[in-house]
Amino acid sequence: MFPTLALGMALLSSSDRAAEARALWADLNATRLSAGLRTLVLEPRLCRIAQAHAEDMVARRYFDHVSPDGIGPFERLTRAGWRYGYAGENLALDVSEEDAERHLLASPAHRENMLEPHYQRVGIAVVATESREVFVEIFSD
């Protein structure tokens, strides 16, 4: 069973969330630098994959790494033609970029993704809804 999103989750325009995606990327890279790791390149193809997943979650009212039809992050990458040796995905549903970043860092599994030394690239999407924002980070080597 997939978690159902609360009412008031209609998709709003996501174009105004580019600044929040860049801020999340900057915060992610600051965290990596403070841990002695290299920064991640923001990869447009990964951003499109992240954006599609964020919009799908809102449109179909679920919040999960795996879609209701069983498509997970690794299959999304493969279907998009992205080759990888290492990959991961972080999701957050929050009211602001700052809160999303704080909650991602507080979660051991999400923090592990953020600090994975094999990763070199990231795609980030932020989709606004009526009450919250959906954040997707897709990591790859």
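Predicted model: local features only at pLDDT ≥ 70, side-chain atom pairs only at ≥ 80, totals over all residues.

Analyst: The buried residues of H1 are Ala21, Leu24, Leu28, Asn29, Thr31 and Arg32.

User: Within what arc do the buried residues of H1 fall, seen down its axis?

Analyst: An α-helix has 3.6 residues a turn, so residues three or four places apart point the same way. The buried residues of H1 line one face of the helix, because the arc that holds them, viewed down the axis, is within 155 degrees.

User: Which exposed residues does the face of H1 turned away from its buried side carry?

Analyst: The buried residues of H1 are covered by elements including helix H4 (97–106), helix H5 (108–114), strand S3 (121–128) and strand S4 (133–140). On the face turned away from that buried side, the exposed residues are Leu33 and Ser34.

User: Which element gives the most to the largest nonpolar core?

Analyst: That core has 16 residues, and Leu46, Met57, Leu77, Val134, Val136 and Ile138 touch the most other members. At least two residues come from each of H2, strand S2 (87–94), S3 and S4. The most, six residues, come from H2.

User: Where is arginine 61, and what is its phi near?

Analyst: Arginine 61 lies in the loop between helix H2 (44–60) and helix H3 (73–79). With a relative accessible area of 29%, arginine 61 is partly exposed. Most residues other than glycine have a negative phi. Arginine 61 has a positive phi, near 60 degrees.

Definitions and conventions:
Residues numbered from 1 in each chain as written. Heavy atoms only, no water. Helix = DSSP H or I, 4+ residues; strand = E, 2+ residues; numbered from the N terminus. Buried < 20%, exposed > 50% of the residue type's maximum accessible area, 1.4 Å probe, protein only. Arc of directions from axis to C-beta. Contact = heavy atoms within 4.5 Å. Core = buried A, V, L, I, M, F, W, Y, C linked by side-chain atoms within 4.5 Å.
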